[in-house]
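Visitor: I would like to go through this model one element at a time. Please show it to me before we start.

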Amino acid sequence: MNSDDPACTAYPHLPSAARGGPLSHAVSRVARLHRIAAGRQLRAAGLYPGQELLMMYLWDAGATRQSELIKLLGLDPSTVTKMLQRLEQAGYVRRAPDPGDRRASLVEPTDDGCVLHERVRDAWTELEEQTLAGLDEGERAELARLLGKVEANLCRSAGDEAGCGE
C-alpha cells in the first residue's frame, strides 16, 4: 500500500472518543489494514478474507461438521453458510449429510480446494513479510508474544462466541 491509498489515511490526532483507548484505536486501524492487505493477497488465490481460515481448518482436519466450523470460526451461522455456499460454487468444498447424524452436514475440501493450499500458504507468507517488514527477529518474537497475551485477554471476555476454546 502506498501513502496515497485512502485505506492508509493517517489520523492526524487521536479522535476524542478514542482518547480512553489509544491502543485499541491503533489495533482497530492495524486490523483493518491487515484485512485489506490479506484481501489483496487472497484474491490472487481465488478466495476472500475469512474463507482461507475455514479452508485451513479443513485441510488439517478433513471432513468436519458444519456446526463445528461455525463454532471454530466464531461467526454467525448464516455467515458460515454463505461462505460455504460460495466455496462450494467455486468447487473448493463439498457438503454431504453426516452418516452418523443425517441432520448434520459434513464439509470437506475437494481436489480443487486442496490445490489452494499452496497458494494460501504463499499468500500468508507474503502477507507476513509485508506486515513485519522492518522488524528484526527479536521484535517479531516480542510482537507475537504480546499479541498472544492480548488475544488471551480478549478470548476470556469473548467466550464461546469467538471460537476461542479450541
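Visitor: Over how many bridges do β2 and β3 pair in the antiparallel sense?
Guide: This is a predicted model, in which local features need pLDDT of at least 70, side-chain atom pairs count only at pLDDT 80 or more, and totals for chains, interfaces and linings use all residues. Residues are numbered from 1 along each chain as its sequence is written, and side-chain values use heavy atoms, with hydrogens and water left out. Two strands pair if DSSP finds at least two bridges between them, and helices (H or I, at least four residues) and strands (E, at least two) are DSSP runs numbered from the N terminus. For β2 (residues 93-98) and β3, the antiparallel pairing runs over 6 bridges.

Visitor: Which residue in β3 stands opposite V93?
Guide: β2 and β3 form a hairpin, with 2 residues between them. In this pairing, V93 stands opposite P109.

Visitor: Which strands stand at the edges of the sheet?
Guide: The open sheet has 3 strands with antiparallel pairing, in the order β1-β3-β2. Each edge strand has a single partner, so one side of it is left without a neighbour in the sheet. The edge strands are β1 and β2.

Visitor: Which residue in β3 stands opposite R65?
Guide: β1 (residues 64-65) pairs with β3 (residues 101-109) in the antiparallel sense over 2 bridges. T64 stands opposite V107. The residue opposite R65 is L106.

Visitor: How much of an arc do the buried residues of α3 cover around the axis?
Guide: Q66, L69, I70, L72 and L73 of α3 are buried (under 20% relative accessible area). They lie on the same side of α3, because the arc, taken from the directions from the helix axis to the C-beta atoms, is only 165°.

Visitor: What do the buried residues of α3 pack against?
Guide: Contact here means heavy atoms within 4.5 Å. The buried residues of α3 pack against α2, β1, α4, β2 and β3.

Visitor: Which residue just after α3 takes a positive phi?
Guide: The phi angle in question is about 65°. The residue is G74.

Conventions. Buried < 20%, exposed > 50% of the residue type's maximum accessible area, 1.4 Å probe, protein only.
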